[in-house]
Structure formats: C-alpha cells, structure tokens
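Trainee: Could you take a close look at one part of this model with me and walk me through its surroundings?

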Amino acid sequence: MAATDTSLRTEAEITARVKALEALLIEKGVMTTAAVDRMAEIYENEVGPQLGAKVVARAWTDPEFKARLLDDASAACAEMGIGGLQGEEMVVLENTEKVHNIIVCTLCSCYPWPVLGLPPNWYKMPQYRSRIVRDPRGVLAQDFGFVIPDDVEIRVWDSSSELRYWVMPRRPEGTDGMTAEQLEPLVTRNSMIGVGPAAAPAA
Amino acid sequence: MNGVFDLGGTDGLGPVVVEENEPVFHAEWEKAAFAMFASSFRAGLFGVDQFRHAIELMDPAEYLLSNYYEHWAHAVQYYAEKQGLIDAAELAERTQYYLDNPDAPLPEREDPELLEFCDLAVKHGAPANRESGKVAAFKVGDLVTVADDSPIGHTRKARYVRGRTGVITGAHGTFIYPDSAGNGHGDAPEHLYTVRFTAKELWGEDVADPNGASYFDVWEPYLTLAENQGAH
C-alpha cells in the first residue's frame, strides 16, 4: 500500500476502487456479479436476526429444546434448518436473574451469522470492541441505556476462536401463555448480543 | 503481532454510535466487497485466518478510520497481488477509469458453479475443527496462564489476556491453529479451550468490575499450568 492510502477516501474513490478490484477479479475468473447479487440477497432477505429470534422463542416455550440448545447450539439450530457459515460451532449463553452475558470480538468482528445475520457497524467498530471488555456495565448503561444491577454477574465472551457465541435473553415479564410465534418479535438482535433486553409485550 | 486491531481494553476511542434501522449494506460496493470473500476463498486466495491477518497488516490509521468492508477489499487485494493474480499498477489504472467513468459497466462472465458454491458455503459453512491424535494437556477446572510474549505474525493471543491466569471452563477438541494457518503454514490443529478470567485479574482491583469476568478461547500452545492450582 502506498503512503497516500492512509487518508480517508471519498465515497466515490472507495466505489471506484472496489469496482476496479471486482472487475479484475471477474476477468481473472474469481468472481461474478451474479455471485455478488446472490450473497447480498441471502443476507438481506434470508439470513438475519429473525432466525435467532425463532430459536430463542422456541427455547422459551419448549424446555427440552432449550436443554438441547444450551448443550449443543449448532445441533439444536440444525433441527430447525438453521446453521451454516460462521455458525459451525455455536454456543448459546443463557441470561438469568444472576448472570448477564455479552458477546464481542475484540480482535476482529466474529459474529454468529446464521442466527443474527451480518453484524451492525457498531459491533465492528473500535469503540465497542475496545470498551466492552474493560467496562461492560458502563458501556451498557451509557451507550445502550441498559442498566444491569450490581448484584448481577457480567460475563463478556470474546469470540477469539471459531466458536460463535450468542445470548438467550431473559423472557420478558407478562408473557406467560404466549406462544413461540407471539414471542418471536420480542427477541431483538441487541438482546441476542447482550446489549439490550428482550422487548416488553405490547400492553 | 501487536497492532491497533487488538483493541480489547484500549481507552479513549469514544462512545458507541448506534445507527437506528441500519441496513445490511450501506452501498452497492459493500455487497461486492462482501461477496469477494467467498469467491476468493473458493479460488484458493486465502484461508480465514490469513484473511484476518491481511486486515491486521493494514496501515493502522487507515484501519481505525476506514469502513469495515474496505478492510475486506484490502485483504482480497493483498492476496490477489501476492499471488500474482493482479498487480498494483493494473488496479490503480482501472480505479482511475471507474473514477472517470463511474457508470461504466463491469465485465460480464457467467459461473453457475460459483453460485452453487455460495449457496452451499452459506448453508454448510467451513468447519475449523480438525482431527488430531494429540492428547489434551489440560482439562476443565485447570488454572492456566497465557504466555506473555509478542509473536511476530498472526496470533489470536490478544494483549489483554497475555500473562493473565484463569480457569478452563470448556475443552473443545482440536481446531486449526491460527498462529500457523494465519501465517501460511497449514492447519496444524491444536486443542482449544475456553478460559474464564476475572475482571480483577485482567484490569486490576482498582478499576475492575467486582462482579465481572471475561471468557476467551485459547489454543493449547498459548497456555501453561498455573502454579497455585486450587487457589482460585
């Protein structure tokens, strides 16, 4: 890389540079525009946090499934046809009254794609990755407005290997009797990262 | 290697900025940069650990300031050049062409097998666990210390756990060893463990959350048995 590359590029420059790289890789037989469209289609419309929500909602309502999920998350998700790239070895962490789990990847941006889709920008940015391990309670309170009581243990899981951690949030109050399908919309992406609670049911 | 990408515990980087209703991709070029990963992996340009290492080798100022998918494009470019598939002058020339002609079309090529590969890769993934005859040196419950050294090339031994002592809470069998694979020396599988470090052990009593812990996955060569077994 030339020294001039240290300056931030304009959007037009980035666009031209990536397009040029794409063009050369197409000519060299590495990629195609159809592959770009297909990969984007998958992660925009097929694979996203709605899948993780389906798994959590089932675990909230099916104790036997929950036990299997906590024992081997990849196998339990496979029962529901959910799994694949960046979820080969998934581990689900259960939040309780006494333990709150949070996931991060301090070295890069590892994330359980099959259940949460591609990560949001803040998960990949230096601010979250640097601070969440050192001051998790502070980051949740200050940056996410999510206060964890002092008597609750905070566990931060750094995704430093190919194991892919994600969080089963606590089932919200006032949801007794709701079906898994009714519970799914309450399971948010942030709650499965551990930076927010599951949503409360509509009054 | 020691670098800015190794962010755990770094101070002064500011607040987390959360974008409401964030789209999966913010621009068309992000889709292309994302798809380059699977396509280039299939073409044998790199493995996952090598891909990460190329990102680590970015100029540190650029790493901190650039868009995430620029990191991916950088890594693809790094290996495409290294393998002689493209050269820097050719890329610069083509970049200028698209800057001058932003609406110029991309070359056309069909590759149905690549589309099949994308579908299969997304569905089945690329597992990193590898069979090995190696016997695990440690077990769940062992108190272990992470080596306090600074490897030159790729490693997953983050600085904030180096020299720290914690308890093994998970033993997962053998996985590709990033310190070998990421530096282009093959899978060389090693046992992988999850280690629990108290916040106090990582950050010191004065600043640590008294009721906090971090869990970090480590490969066996990073670890030695701690001397005070049973003390924790």
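Mentor: Happy to! H53(B) touches M1(B), G153(B), H154(B), G182(B) and N183(B), leaving aside residues up to four places away in sequence; contact here means heavy atoms within 4.5 Å. This is a predicted model, where local features need pLDDT of at least 70, side-chain atom pairs count only at pLDDT 80 or more, and totals for chains, interfaces and linings use all residues. Side-chain values use heavy atoms, with hydrogens and water left out, residues are numbered from 1 along each chain as its sequence is written, and chains are lettered from A and ligands numbered from 1 in the order in which they are written.

H53(B) sits in helix α2 (residues 48-56) of chain B; helices (H or I, at least four residues) and strands (E, at least two) are DSSP runs, numbered from the N terminus. With a relative accessible area of 9%, H53(B) is buried, where buried means under 20% relative accessible area, exposed over 50%, and partly exposed in between (1.4 Å probe, protein chains only).

Now for the wider stretch. An unreviewed UniProt entry annotates residues 1-109 of chain B as "domain: Nitrile hydratase beta subunit-like N-terminal"; UniProt positions are given in the numbering used here, feature names are shortened, and annotations may be inferred rather than shown by experiment. Over residues 1-109, chain B is 53% helix and 0% strand, with the end C-alpha atoms 39 Å apart.

Also in chain B, A188(B) lies in the loop between α7 (178-181) and β3 (190-198). A188(B) has a positive phi of about 40° although it is not a glycine, and at 36% relative accessibility A188(B) is partly exposed.
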